[in-house]
Amino acid sequence: MAALFTKFCSQALTIFLLLLPALFSQSYAGVLVVYWGQNGGEGSLTDTCNTGKYQIVNIGFLSKFGNGQRPEINLAGHCNPASNGCQGEGAGIKNCQSKGIKVMLSIGGGAGNYGLSSDADANGVADYLWNNFLGGQSNSRPLGNAVLDGIDFDIEKGGPFYDALARRLSDYSKRGKKVYLSAAPQCPFPDQYLNGALSTGLFDYVWVQFYNNRQCEFTTSNPNAFKNSWNKWTSSIKAGQFFVGLPASSQAAGSGFVNPNDLKNQVLPFVKGSPKYGGVMLYDKFNDDRSGYSSQIRGSV
């Protein structure tokens, strides 16, 4: 009996020692997110989701809103919203959702005419988004009768009051289907335009743009700039998950492109140690098609 007990203890100790490294170096799995909508050459929304590469698609952009303006969506070469030509995209949205892929409407962008002048203005924009893209009702829904999963804040100019917009949109979740909130802040912390909104703690996803900002991008010569920025974001902002936002090719941004091997060997092993790690966001589908970036990294994300 004593020999049997000793053998059992020895086996148990062996199993524990084998599991010990995993307990102290847990790695979290992530997903791929992509922006779609700013180049007619990137294929349809249906094509995008049928690739099976992406788990979240951001439709960009609603680039005109606020200050009493009638909001307008701009999908570049895909369709013309002025003639209700984008309502056909609703079928693509439903196809994506049928595959378990979330589809978000991204507001803002690097160009356009947008901004909020007050809390009341923010509430009005939120009501418009609810009625025209989410679970509300309107006779002029730009993307047809599809109900999107949420709103992405890609705010790169304008003033404050985005906290009020986030709160109003979040309140709509209480009416039934959850309204997901995401944001794409620049990597210098805090973000100039989104800090107020992000400080509400209401955001499900934050894909930090680690590009076009050399002071916090990843480089092999100074990886700590990126690592320090990632740690600052994940420790300072209350959000569901954080993503590494990257250009899908060297042509997609002025700086910040990370070689796929460097991403797999240096960046991902570091960020996947965080329980808040969500995955990688790529800008954008057009550039990803040409570089094949997602195909090179998806097995490691």
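1. Ala76 is partly exposed, its relative accessible area being 36%. The model is a predicted one, and in it Ala76 has a positive phi of about 45 degrees despite not being a glycine. Ala76 sits in the loop between S3 and helix H3 (89-98).

2. Asn212 is another non-glycine residue with a positive phi, here about 60 degrees. Its loop runs between strand S8 (205-209) and helix H7 (223-236). With a relative accessible area of 43%, Asn212 is partly exposed. As background for these two points and the next, most residues other than glycine have a negative phi, and most peptide bonds are trans.

3. Cis peptide bonds deserve a look. The bond from Gly60 to Phe61 is cis, with omega near 10 degrees; Phe61 belongs to strand S2. Tyr283 and Asp284 are also joined by a cis peptide bond, with omega about 0 degrees. Asp284 is placed in the loop between strand S10 (277-283) and helix H9 (285-291).

4. Helix packing comes next. Two packed helices are described by the angle between their axes and the distance between the axes. For helix H4 (residues 119-133) and helix H5 (residues 162-172), the angle is about 40 degrees and the axes are 8 Å apart. The crossing of H4 past H5 is right-handed.

5. On the H4 side, the contact is made by Asp119, Ala122, Asn123, Val125, Ala126, Asp127, Leu129 and Trp130; on the H5 side, by Ala164, Leu165, Arg168, Leu169 and Tyr172. By class, the residues of this contact are nine nonpolar, one polar and three charged.

6. The length of H4 is consistent with its residue count: at 1.5 Å a residue, its 15 residues should span 21 Å, and the end C-alpha atoms are 21 Å apart, which agrees.

7. Which residues of H4 are buried? They are Asp121, Ala122, Val125, Ala126, Tyr128, Leu129, Trp130, Asn132 and Phe133. The buried residues of H4 pack against H5 and against strands S2 (56-65), S3 (72-73), S4 (102-109) and S6 (150-155).

8. Is Ser294 buried or exposed? Ser294 has 0% relative accessibility, so it counts as buried. This residue is part of helix H10 (residues 293-297). Apart from neighbours within four places in sequence, Ser294 is in contact with Leu32, Lys53, Tyr54, Leu282 and Asp288.

Note on methods:
Residues are numbered from 1 along each chain as its sequence is written. This is a predicted model: local features need pLDDT of at least 70, side-chain atom pairs count only at pLDDT 80 or more; totals for chains, interfaces and linings use all residues. Side-chain values use heavy atoms; hydrogens and water are left out. Helices (H or I, at least four residues) and strands (E, at least two) are DSSP runs, numbered from the N terminus. Buried means under 20% relative accessible area, exposed over 50%, partly exposed in between (1.4 Å probe, protein chains only). Contact means heavy atoms within 4.5 Å. Axes are lines fitted to C-alpha atoms, for helices over the stretch in contact, and angles run from 0 to 180 degrees between N-to-C directions. A crossing is left-handed if the near helix is turned anticlockwise from the far one by less than a right angle, and right-handed if clockwise. Ala, Val, Leu, Ile, Met, Phe, Trp, Tyr, Cys and Pro count as nonpolar, Asp, Glu, Lys and Arg as charged, and the others, Gly among them, as polar. The expected span of a helix is 1.5 Å times one less than its number of residues.
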